[in-house]
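Trainee: I would like to learn how to read charged contacts in a model. Please take me through some cases.

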Amino acid sequence: MLLTITRDRIDPHALLDAVQRDEHGAALLFLGNVRNHNDGRSVIAVRYEAYAEMAEAVLREIAREAIRLPAEGAGGTPRDGAHAPTVAVVHRVGELAVGEASIGIAVAAPHRDEAYRVSRYIIEEVKRRLPVWKQERYQGGLESWLPGAVPSAGGNSG
Amino acid sequence: MLIRVLLFGAYREWAGAGELGLDVPEGITVADLTETLRARIHGLDRLPARPVVAVNRAYSDSAKVLLEDDEVALLPPVAGG
């Protein structure tokens with residue numbers, strides 16, 4: 001599975017290629033992009049910082065949980081083998097300009113319901129517990145660290 | 001014993017360093033260590049009473065006892081995505 005923290009631009013095609021299987025009829029790509037505004041302020045750039053070694057371990061944990069979500073319409077049990085969803089997640093660090101992607105999540109699954117649920121699970125858990133920090137730079141030269149989520153010990157209570 | 005402490009985001013800026021080596025007594029807990037950092041490291045007196053801590057790259061609770069050469073990281077609230 002492709003699960004990494006990178007300083008390079010995110011390549012959406014590489015993410016989709018990484019998840020495609022002949023068993024999978026649904027493929028989804030989610031991109032989180034840098035916006036030019038937040039809380040009424042004009043954002044000109046964003047800097048992301050990660051505890052990279054831990055973040056990659058947490059991404060593996062989240063991905064493992066996501067592909068084991070019970071599949072609706074499949075008797076409520078997780079799919080396995082060739083029918084298990086496949087995922088790829090890349091989070092970028094460093095200085096990003098407005099419009100650039102900070103995170104890319106690709107999911108493929110046999111059917112769309114599963115793909116949407118897996119993708120949604122991954123982004124919500126990333127927001128909740130991936131050790132990454134975000135600093136915004138505003139028009140006028142000010143900078144601030146964004147308030148965030150407080151992960152709990154053990155990390156995966158969800 | 002020697003403990004390696006990593007700091008990120010705002011905590012790194014407050015301390016003026018991303019990494020500290022600290023000589024601490026055997027048997028020290030995560031909670032003891034954060035108290036020591038608040039008292040000893042200029043800038044880290046602003047740390048919350050119970051900051052989020054990872055030990056050896058896993059989220060940890062404050063009662064955990066630290067061992068020589070553990071990698072301890074102080075993590076501000078996370079804001080990825």
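Trainee: Which side chains meet in a salt bridge with E65(A)?

Mentor: A salt bridge is a side-chain nitrogen of Lys or Arg within 4 Å of a carboxyl oxygen of Asp or Glu. Here E65(A) pairs with R129(A), at 2.5 Å from N to O. E65(A) lies in helix α2 (residues 52-67) of chain A and R129(A) in helix α3 (residues 112-129) of chain A, so the pair ties together parts that are 64 residues apart in sequence. Helices are DSSP runs of H or I with at least four residues, and strands are runs of E with at least two, numbered from the N terminus. This is a predicted model: local features need pLDDT of at least 70, side-chain atom pairs count only at pLDDT 80 or more, and totals for chains, interfaces and linings use all residues. Residues are numbered from 1 along each chain as its sequence is written, chains are lettered from A and ligands numbered from 1 in the order in which they are written, and side-chain values use heavy atoms, leaving out hydrogens and water.

Trainee: Are E65(A) and R129(A) buried or exposed?

Mentor: Buried means under 20% relative accessible area, exposed over 50%, and partly exposed in between (1.4 Å probe, protein chains only). Both E65(A) and R129(A) are buried.

Trainee: With which residue does R129(A) form a salt bridge at 2.9 Å?

Mentor: That partner is E125(A), which is also buried. Because R129(A) and E125(A) are 4 residues apart in helix α3 of chain A, about one helical turn separates them.

Trainee: How many salt bridges are there over all chains?

Mentor: The count is 14.
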